[in-house]
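Please look over the structure below with these notes beside it.

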Amino acid sequence: MLALLPSLLLLLVVQTHCSPVRVKRNDVKVTLDGQTYINKGIVGFGVIPSDFVESTGDTLGGIGSAVALKNGSWRKLENGTFTGTFIAHPDRGYNVEETIDYQARQHEIDFWLNPYEEDKGLSYDDAKETLILSYVNTTLQFERNGAKTTGLDATSWRAAENGYPSFVFADPDMPVPLSINRLSMDVEGIVSNADGSFWISDEYGPYIYRFSDDGNLIQTIQPPEAILPYDSKGNLSFTSDDDPERGRGANAGFEGLTIDAENQILYAMLQAATIQDGGGDKTTSRYTRLVAYDVSDVSSERPALVGEWVVPLPISNSKGKTRASSEILFLGQGAFLSLSRDGDGKGGDDTKSKYKQADLFTIAFATDIHGDKYDDPKNPIAEDGKLNDDIIPAEYVSFVDYIDDDQLARFGLQNGGDNDETLIDAKWESLTIAPVGDADFPNDYFLFTLADNDFISTHGISLGEPFDAGDDVDNQFLVFRVTLPVVAEKSLARVLGI
């Protein structure tokens, strides 16, 4: 059956600075802001083969960059199986040697989850049956005047449209390649809206875009000046090849995007610190920025910045290097999940990964710096990586560990062993949740997480041309069962359409 159904699965994980307390064999408990969270372990696993071809003729890859559950798709069947549809968005295509003219797109993938919670280990092949995936379709994305978007490096910019910023749909200065006047996108986050539209975050701007359900650009959000990338001459520098003089670092844009759907507050977080805040150096880049926009009336008002906080990312024990964030997920009461990881595992430089986690943080008592002097890049929040004394950062704890050997073994997976299909993927970059619906445990949720395989395949196709990346890295999906006591039920219900 799996040979016929491409696999998609979302994995959710969380980590803590304090030592987790093992409640029972498969449960890990942590406390944040007086609330107890429990990781009950992996309950599902699935894959989509590295050489699967989507409807445009290209290899289906990179889908872990961003994921959401399609509004109205989540439900439990009478036989106990859970089903839904993932909206998965790759980044900028197969670009190992250089960026390519890859049109932004999103894929729909149906799934059926049969949670496995027994202690007895499954074989790898049996484990894949716990999350069955079936590719549905692909929607290509276009910008103004029906022009195709592109993944080419944004080596230039297009001047803001007439009417910006007073006209809500007018674009600011837009990242484009020097060679063609088309919007460059390196997508890393996605939020599904009830009206069928999507918010999408990218690394080049870093901007947030709203697209229609048929793939057309509607609206653009530009971040504060402190986040925009500028060169030494004061010009916008959207390129991903080199760090700017100030603003977001190269390839360190809005990796995380999530929404409080009840209050219509959209959150985006930088992968690591801006350059003036210590970015560009892994030993000083832990203090990143989380921003919030009011998107309650986007048809008549440009989304307004309504919050900004500092989040301290985890650091390695050995060399004090920042574990950058690849995704965030709003829970409720100021609490979020944040996915941080190293780059080792299947498709990485080393088969032995030391850190892959879905962590928790709360901004409940953090300093809101929006509209303050810190939105001016001349006023860093953490020069050389040392946080200013007048700023209280978010509280951050670890929660879900992806590379727990016991948990991986239950699903025929491993970390640090042979470079085969059972090795956990290197790059996990997306999160989403759905309710378990267990009356005995009303705060339990499935945490889905997906890996970005970087399109690595020995039988790949990119822009109609075959390629051999030297290895086969399948698109892996993980599902955890977690207790999340602060989830805003009305917000989640609107996100899922239930």
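1. Strand β13 (residues 208-211) runs antiparallel to β14, and four bridges join the two. Tyr209 stands opposite Thr220 of β14. Strands here are DSSP runs (E, at least two residues), numbered from the N terminus, as are helices (H or I, at least four); two strands pair if DSSP finds at least two bridges between them.

2. This is a predicted model, in which local features need pLDDT of at least 70 and side-chain atom pairs pLDDT 80 or more, while totals for chains, interfaces and linings use all residues. Residues are numbered from 1 along each chain as its sequence is written, and side-chain values use heavy atoms, without hydrogens and water.

3. The open sheet has four strands in the order β11-β12-β13-β14, with antiparallel pairing. Its edge strands, β11 (187-192) and β14 (217-221), each pair on one side only.

4. The structure holds 20 salt bridges (a side-chain nitrogen of Lys or Arg within 4 Å of a carboxyl oxygen of Asp or Glu). One of them joins Asp471 and Lys346 at 3.3 Å, N to O. Asp471 is in the loop between β26 and β27 and Lys346 in the loop between β20 and β21, so the pair ties together parts 125 residues apart in sequence.

5. Lys427 meets Asp452 in a salt bridge (3.8 Å, N to O) and Asp454 in another (3.0 Å, N to O). Asp452 is buried at 2% relative accessibility, whereas Lys427 is partly exposed at 22%. Buried means under 20% relative accessible area, exposed over 50%, and partly exposed in between (1.4 Å probe, protein chains only).
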